Each structure stands twice: as structure tokens, then as C-alpha cells.
Amino acid sequence: MTHLTRRKAKNAGMILLLAFAALTVLVPLVLIFVHIVRMGGSAVNLDFFTRIPSPPGEAGGGMANGMAGSALLIGLASLLGIPVGIFGAVYLSEYGGSRISTVIRFAADVLAGVPSIITGMVAYALLVVPMKGFSALAGALALALIMIPIVLRTTEEQLKLVPTSLREASLALGVPLWRTTLRVTLRSALAGVLTGILLAIARIAGETAPLLFTALGNQFWSGRLTQPIAAMPLQIFNFAISPYDDWHRLAWAGALVLVTVMFGLSLAARFFGRARQQ
Amino acid sequence: MASDEYEFGGAVPTEAESHSWKMEKGVSGDFIFKGVTVLFAFSILAILLLMVVEMARVSLPAIEKYGWRFVIGREWDAVQGNFGALAYIWGSVVSSVLALLLATPLSVGTALFITEIAPKKVGGVIASLVELLAAIPSVIYGLWGVLVMAPWLQRTIEPFLNDHLGFLPFFQGAPYGVSMLAAVFILMIMVVPIITSITKEVLLTVPRSQKEAAIALGATRWEMIRMAVLPYGKSGILGAVILGLGRAVGETMAVTMVIGNTPQISLSLLAPAYTMPSVIANEFAEATSQLHTSALMEIGLILLAVTLLINALAQLLLWSVTRKRKGGGRP
């Protein structure tokens, strides 16, 4: 074998190996999807969306209270997290000096990597202990802490893409800076900002660990913010580790619904993202 | 906003508005608006500080009572009030490191395949599939892990390892399904998409000219990867791997569901184990005493310190790469 053929053989071998790596990575994805669709598909029905879980051993039941609870938690967390993220980003891109902005940016990136169970513990120390009880409010705070760095970083990226000339044009017309920022800069970046918000919501919709000792979960309906509240990811967790087949079926159905919602959200995010580029 | 009906580029400004500059000596809209943004931006720093302070405050009783014995003690007995976290630390370290060892070659290989080998369209499809994997919530990995993967491991892989490699301490004992091995596999599946997508971003910053130079010198595609792409991207790839490590160390739900939750230090991968986030997830809501809560919070504090360090290091490495502008396609 000549030197050249050996090099070519090595090249072909390595390319095959890389292709094999890519293929291996996709195997679990396919397996997980097949199982979610097959097991979940046979368990999702109207009851699933309208009823609360049935006691162990009884067939049927659904996750209606968990879905409502999750929606409430996500809504509250967004109320807390989105303004902080967006206006924090406005500071970084429109006002901040370069050094302090770098520090805050770095802190946000580090915060985004903090395990989600830690935000649950912090919300526990801040709200559950003083209020002497698990509550929807504490769950929402834990989720908001996860949202803030995501919204902040994506919004800032989008604001940076708005041309300076647009801001200058507005300022030259005598519009104050704050109104320019709201009506010109943020509005131009709206699609991108929405993308970031949708991605953040998709992220927290599936979060379980931060809710374990904040929202705690609830077998029944509850709309009160100071009481424990049901959440879909918590129900999926509890049913998955239970020994009952009926509850396993509910967990698979929950997984199918959750994944569908999340992919819907990221598709919508992509749609907005693309609209921005054009 | 005071006058919501005011549209930029719309109606002629009213008298009051056209003279609004006169008011800027006093408390102007700009001042208030900037104040709000400053407040929110600095709240990021406040949140980080608050996290550390609050967790340190709650874990103080355990820190005072046990000192260093907390991290070297093996006994965890909530009834007797004996708390040593070594078994959890062991479980976290072993599961994360092994998962990373498996995930790194797979991820870097996949990222290289996407950016350097595959036709653009195929690469794009694989990249979006990998992103889908990253978007699946942890609890769903856990559901699949405990109901599908662990029983499968118990039937096939674990008996196989035990039969053929059972003379090694790593593969001894009865196959339970839920085990350290299951945790390693599920963590590997979960960190691969993260490392892959970040490595891909890093590889895209390799200047086209570098790659063209290698090709022009007669290098094969693999030689180009080895000589031009990997050396250029190595600190960024390291950053991606470290970020994956941070994710693996903090991963809670999926691991809790498949690792078996038994606080023991065993060399065998077939034995159940326990990790730091798992014990918090399982015991925190039902902690029996103040000391128990405090001990769990101290585990959380250790976890926070470790992940802060890991993430800071990873971000520094990644920033050093992505700050350089985009390189551009392949030759």
C-alpha cells in the first residue's frame, strides 16, 4: 500500500466514523419519539384534557388540573421574568458602559447554567419558609429565575441588530431616548424578542425540579396562589415512578401533550425568527 | 407611558409635547426609564448574590455542626441526625464524568460531520434534530429511562456485562436495571445535544482560509480537520465539554428516576447509586428536622458552587472563541 492510498483509506475510515457518531446520536431521539407517540397516542383522549387524575388502580382520568396549573405557573413566571429580562437587556444594549455590561452578561450566562433544582431551593428559602407553606407563587418565582437570563440574552442579541441610524433618526426628530427605545428600537426587534420569549416559555414548561418543593403539586383543582398547585411535569414524574400501569399510561399521555406543546412553541419561535431575518 | 396615543411618525406633536424638552431639567421620562433598566439589569447580579447568601444562611447549622466531616462522612441518617454527603458526591462525580467520557467523542464527531462532511442540507437536518433532542424536558427523558431503557438494560446489557466482564469490580452484582449504568446512559443522551450544538457553533468560527490552506497543501478532508479545524477550535470545544459537565452535574429529574436512589459507594456500575441533586429532589420537601433541611441545603450550596465554577470556566473559554467573528463555510 502506498503512502497516498493509506492516507486516503484513513480519510475514508474517519469520515465513516464521524457519520457513525452522527447516526448514533440520533438513535435515542427516534426511540424516545416512537415510545412517546405509541404509548401516549393510545392514552390521550378527551378525558385526559377534562378530568383530574383518578385514584391508583382506577382506569381513566386525566391531567386537566395539571395543565391549568402549569398554565397559571407559566403565566405568573412570565409576568415576573419577561419585564426583567427585556428591560435588563435594554440597559445592556442601550445604556450600559462596556465593562459593567460585560459583567452582567457574564453573570447572566453563568446564571443560565445554574441547575434548575437550585432555583427551587432559593424560592423555597425566599417564599415557602416565610409564608409557612408551599405555594403556586413560590413555583412561579423559581420558574421566573430560570426565564430571566434566557430572555435577557436573546433580547440583547436582537437589540444589537437594530441599526444605530434608526435610533438616530428618531432622536433627531426630537423623540426622547426612552420613547425611541420603546417605540423604535424595541419595536424593530419585536419578532426576535418574541422568539426569545417563546423559547424561554418552552424551556420552563417542562421544568420539574424547581417545582418539587415550591408548587409541590396537588391532586385536585386549585387556583389559589398561596396554595400548592398541580403542574403537568410534576404529575408526569409522580406517575412515572408509581407502580401502577394506569398511571404510567397517564404519564405517557402527559409526555406526548407536553412535547407537542413545546415543539409547537419552538416552531412558532422559528417562524418569528425567520420573519425577522427577511 | 403618559401618552399612549402618540405614534412615532404619526400626528403632529401637540404644544405640550413639542416643548417637552424644557421639562428635562426635572425628573424626565428618560431618567425614570433608565432607572428601571438599571434596576432590572443589576437584578441579575442581585439574584446570583441572593442565591449564594440565602443558601449559605439556611445551610449554616449543618456547616457549623459538621464542618469538613460533612463532605467525607458516608453516613446519612435523618432519624439519628447524622449527615455525611460523600455517597452523593461520589455518585454525582462518577455519573457525570463517565457520561462526559462517552458523550464527548460522539458530540464532537457529530459536530464535525455536520459542519465539515455532510452536504449542507443533510447537516442542517441533523442539526435541527439535535436541537429537538435538547428541547425535550428532563422529566420525559426520565419517563423513557425508567419505563423503557432501564428494563431493557436489565434484560440485555447488564447480564451481558456481568457474564463476560464480571471478573472486573465494575460489573459485579445482580442486574437491577435502575443503576449507575442507567444514569450514565441517560446523562450521556442528555448532554450530547448541548455539546454538539455548541461545538458546531465553535467549528463555524474556523476561518475558511485555514481550511483552504490545508486542502491546497494536498491534505485529505480528515487531515484538514486534524490540522486546521481541531487545533483552531480546541479551546471552544473544551468550553462546550465543560458546559456539558455542568449540565450533567446539575441534572436532576432523569437521573433521580433511573439511578435507584441508594446512598452507597460501589465500584460496580450495575449497582444503584445516588447523586446530590437526586437526594435534594427526594428528601427536601419532606425533611424531618431543621438540621435535615440544613444538610440538604448544604448539598445544594456545594452543587451551586461547583456549577458556578464550571460555568464561569466554560463561558470564559467560549467567549474567547465566539468573540472572534464568524469564519464561514467549508472550502
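Q: Say I'm looking at H10(A) and H6(B). Are they roughly parallel or roughly antiparallel to each other?
A: Let's start with the general idea: two packed helices are described by the angle between their axes and the distance between the axes. Keep in mind as we go that this is a predicted model. Here, helix H10 (residues 232-240) of chain A and helix H6 (residues 138-155) of chain B have axes 10 Å apart, at an angle of about 15°. H10(A) and H6(B) are therefore roughly parallel to each other, since angles under 35 degrees count that way.

Q: Which residues of H10(A) and H6(B) make the contact?
A: From H10(A) you have A:Pro233, A:Ile236, A:Phe237 and A:Ala240, and from H6(B) come B:Val139, B:Gly142, B:Leu143, B:Val146 and B:Leu147. Sort the contact by class and you get eight nonpolar residues, one polar and no charged. As for handedness, H10(A) passes H6(B) in a left-handed crossing.

Q: Now a second pair. At roughly what angle do the axes of helix H4 of chain A and helix H13 of chain B cross?
A: Use the angle and distance again. Helix H4 (residues 98-112) of chain A and helix H13 (residues 290-322) of chain B cross at roughly 125°, and their axes come within 9 Å. H4(A) and H13(B) are therefore oblique to each other. The crossing of H4(A) over H13(B) is right-handed.

Q: And which residues meet there, in H4(A) and H13(B)?
A: On the H4(A) side, look for A:Phe106, A:Asp109 and A:Val110; they meet B:Leu308, B:Asn311, B:Ala312 and B:Gln315 in H13(B).

Q: Let's step back to the whole contact. How many residues does it take from chain A and from chain B?
A: For a whole interface, count each side, then ask what each side is built from. Chain A gives 74 residues and chain B gives 71 residues. On the chain B side, helix H2 (residues 29-66) supplies the largest share, 19 residues. The side of chain B that touches chain A has 51 nonpolar residues, along with 16 polar and four charged.

Q: What about chain B by itself: how many helices and strands make up its secondary structure?
A: Chain B has 13 helices and two strands. Of its 331 residues, 49% are buried.

Q: Which domains does the assignment give for chain B?
A: There are domain 1 (15-66) and domain 2 (69-322). Their C-alpha centres lie 35 Å apart. To read how they touch, count residues on each side: 10 residues of domain 1 of chain B are in contact with 14 residues of domain 2 of chain B. The domain 1 side of that contact has nine nonpolar residues, one polar and no charged.

Note on methods: Residues numbered from 1 in each chain as written. Chains lettered and ligands numbered in written order. Predicted model: local features only at pLDDT ≥ 70, side-chain atom pairs only at ≥ 80, totals over all residues. Contact = placed C-beta atoms within 7 Å. Helix = DSSP H or I, 4+ residues; strand = E, 2+ residues; numbered from the N terminus. Nonpolar A, V, L, I, M, F, W, Y, C, P; charged D, E, K, R; others polar. Buried ≥ 20, exposed ≤ 12 C-beta atoms within 10 Å, placed from the backbone. Domains from an automatic or database assignment. Axes fitted to C-alpha atoms, helices over the stretch in contact; angles between N-to-C directions. Parallel < 35°, antiparallel > 145°, perpendicular 65-115°, else oblique. Left-handed = near helix turned anticlockwise from the far one by under 90°.
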